[in-house]
Amino acid sequence: MAKIFQIDFSSVNSLWDIHEAITNGLSLPEFYGKNPDALWDCLTGMIETPCVIYLHGLHNVPHSLSTGIAEIVEVFYSANKEMPEIAINRVE
């Protein structure tokens with residue numbers, strides 16, 4: 001049975017908030033580096049698989065964070081390509 005992770009981006013206002021949502025949603029350790037490379041490492045080596053990761057509220061992310069959130073979302077989809085046992089679902 002696949003592990004379910006829920007990440008809620010609906011109330012983020014900074015890159016720090018984005019990474020806090022990821023930390024909470026994936027139950028990452030305190031030492032998570034809060035950057036795309038660290039996210040990649042966690043997705044491909046630390047989280048329980050198989051899993052389904054639900055990304056909630058991406059449409060609510062402020063426009064000023066559009067580049068940062070796009071980079072983060074790309075990491076999730078790249079991890080899925082590398083490891084098909086990680087399913088990614090956007091929930092708007």
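A nonpolar core is a set of buried Ala, Val, Leu, Ile, Met, Phe, Trp, Tyr and Cys residues joined through side-chain atoms within 4.5 Å. Buried means under 20% relative accessible area, exposed over 50%, and partly exposed in between, with a 1.4 Å probe and protein chains only. This is a predicted model, in which local features need pLDDT of at least 70 and side-chain atom pairs count only at pLDDT 80 or more, while totals for chains, interfaces and linings use all residues. Residues are numbered from 1 along each chain as its sequence is written, and side-chain values use heavy atoms, with hydrogens and water left out.

**Core**
- The largest nonpolar core has 30 residues, of which Phe9, Ile22, Leu26, Ile53 and Phe76 touch the most other members.
- At least two residues of this core come from each of strand 1 (3-8), helix 1, helix 2, strand 2, helix 3 and strand 3; helices (H or I, at least four residues) and strands (E, at least two) are DSSP runs, numbered from the N terminus.
- Helix 3 gives the largest share of this core, 6 residues.
- Beyond its neighbours within four places in sequence, Ile53 has contacts (heavy atoms within 4.5 Å) that include Phe5, Ile7, Leu26, Leu43 and Phe76.

**Helix 2**
- Helix 2 (residues 36-45) has the buried residues Ala38, Leu39, Cys42 and Leu43.
- These residues lie on the same side of helix 2 because they cover an arc of only 135° around the axis, the arc being that of the directions from the helix axis to the C-beta atoms.
- Helix 1 (15-26), strand 2 (51-56), helix 3 (66-82) and strand 3 (86-91) are what these buried residues pack against.
- Asp37 and Gly45 are exposed, on the face turned away from the buried side of helix 2.
- At the start of helix 2, the backbone nitrogen of Asp37 has a side-chain oxygen of Asn35 within 3.0 Å.

**Leu43**
- Leu43, in helix 2, counts as buried at 1% relative accessibility.

- Thr23 belongs to helix 1 and is buried, with a relative accessible area of 11%.
- The side chain of Thr23 reaches the backbone oxygen of His19 at 2.8 Å.
- Residues up to four places away in sequence aside, Thr23 touches Leu28, Tyr32 and Lys34.
- The charged end of Lys34 sits over the ring of Trp16, 5.1 Å from its centre; this requires NZ of Lys or CZ of Arg within 6 Å of the ring centre and within 35 degrees of the ring normal.

Definitions and conventions:
A polar contact is a pair of N or O atoms within 3.5 Å; within protein, one must be able to donate a hydrogen and the other to accept it, and residues adjacent in sequence count only if both atoms are side-chain atoms.
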